[in-house]
Amino acid sequence: HEYQRRSMLEADERAKRKKEGTILPGWIRERKDFRDSANRRNSFSKIADICHKRAQERDTDEKKLLLMWAKGLKYFRTIDQNTIEAVLERAKIRTFSPGSYIVTQGEIGDHLYIVVRGEVEIRVDNTRKNVIYQDVLGGIAIENKTPRTASAIALIETLTLCLKADDYIKILKDKKFTDNRESYKFLQATRWFSSLGRTTLEKMSSYLVEKKFECDDIIYELDDPSDEFYIVKHGTIQLYAVVEYQTMNRWPKGKSKWEVATKTHRVLHPLREVKEGDFFGLTGIALKHRRTTIGICKTYCSILHLSKNQVPELFTKNEIDKFVKLEVKDYPSRQFVLSKIEEQKLHKRTTTKALLDAAELNPSALRMA
């Protein structure tokens, strides 16, 4: 009877799914994460219809949906919202028939294309590399003012948003002007750079490049080249010293010989936190050596970068020496770090011994611990 009851329930469920036009069982369709994902897919299916409208004809919800969709494209993930909005507002709709070349390898980039719907084959030297469905084409060539590195061919009818290179360059220039102004105000408000002259701050602002990092992202690793100088705009960076030490274990092998094994341990010891308005990474550039620390984001971070070649253009030798002293003044010595590691090892050995002693008196104590 139980078997018959379950068979009837399963048959009812299959009939219900067939009627609703889905192969997914009800318990999946009722999950909140599935419903949210389905709602997003249904919303994004309207993107092509929104793109067919002129920018001034789109309502607030349509603009938000189009922006959300564009942010998910790989090319736009590192670009700020205002720039994306400007691109979407100025771009015009353009359709390519099957077999049409959207961009051609070797030509000078005169347009940026956002593939909204369709299939596009990417070819390099007439060799097929991959097929894309929703992506941005031609942006890198316009930014770097270089010839196209690949051809893009529509496999089926493909709908794109098209933006002239001149319009895109103007958007980027406007963004750069805004970024420079914001960087100048930020540097003026910091305790380290506010004393620099206006000319130096303006030049420094024009050189700075802002990059964003997630929590636990590594800014640089031990022994990386010292290529950049960093200023924290938002967030907190933890700098670590890396200390390596060796331990030896031995055990008898036969009656008169000992087997010896050496193990190298790598320990990260926190040096200092770098917060908003602080800087790091200059010491390696000044001393011309590779990184001797590791920089890891403790929070979401926005960091301003200067290349090592720009540092001597902006600062005098005395200013660089002063900044280096400020950067390393709180760094503990290697001997101090090693002593802290020895304390940790001693504490661990003491704790282990206490547990073993307790286990000899009461074997169940070790299991409880």
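Start by selecting Ile153, which counts as buried because its relative accessibility is 5%. Here buried means under 20% relative accessible area, exposed over 50%, and partly exposed in between, with a 1.4 Å probe and protein chains only. You are looking at a predicted model, in which local features need pLDDT of at least 70, side-chain atom pairs count only at pLDDT 80 or more, and totals for chains, interfaces and linings use all residues. Residues are numbered from 1 along each chain as its sequence is written, and side-chain values use heavy atoms, with hydrogens and water left out.

Ile153 sits in strand β7. Helices (H or I, at least four residues) and strands (E, at least two) are DSSP runs, numbered from the N terminus.

**Next stop: the pockets**

On a 1 Å grid over the protein atoms alone, a pocket is an open set of points where a 1.4 Å probe fits, with protein on both sides within 12 Å along at least five of seven lines; lining residues have an atom within 4 Å of a point. Grid points are joined across faces, edges and corners, and a volume is the space filled by probe spheres set on the points.

The largest pocket has a volume of about 1,300 Å³. Select Thr78, Ile79, Asp80, Lys175 and Asp179, the closest to its centre of the 36 residues that line it. Then colour α8 (165-189), which gives the largest share of this lining, 13 residues. By type, the lining of the largest pocket holds 13 nonpolar, eight polar and 15 charged residues. In this count, Ala, Val, Leu, Ile, Met, Phe, Trp, Tyr, Cys and Pro are nonpolar, Asp, Glu, Lys and Arg are charged, and the others, Gly among them, are polar.

The second largest pocket holds about 390 Å³ of space. To find its centre, select Val136, Leu137, Gly138, Ile140 and Thr149, the closest of its 19 lining residues. β6 (136-137), α7 and β7 (151-154) each give two or more residues to this lining, and α7 gives the most, with four. The lining of the second largest pocket has eleven nonpolar, six polar and two charged residues.

**Then: the salt bridges**

Side chains of opposite charge can pair when their charged atoms come close. A salt bridge is a side-chain nitrogen of Lys or Arg within 4 Å of a carboxyl oxygen of Asp or Glu, and the whole structure has 21 of them.

Go back to Asp80 and Lys175, whose side chains meet in a salt bridge (3.7 Å, N to O). Asp80 is in the loop between α5 (60-71) and α6, Lys175 is in helix α8, and the two are 95 residues apart. Lys175 is partly exposed, at 27% relative accessible area.

Move on to Lys233 and Glu182, a salt bridge with its closest N and O atoms 3.9 Å apart. Lys233 belongs to strand β11 (residues 228-234) and Glu182 to helix α8. How much relative accessible area does Lys233 have? The value is 11%, so Lys233 is buried. Glu182, by contrast, counts as partly exposed at 42% relative accessibility. Show Glu210 and Lys212 as well: with Glu182 and Lys233, they are linked in a network of salt bridges.

**Last stop: the surface**

Finish at Trp258 in strand β13 (residues 257-274), which is partly exposed at 48% relative accessibility.
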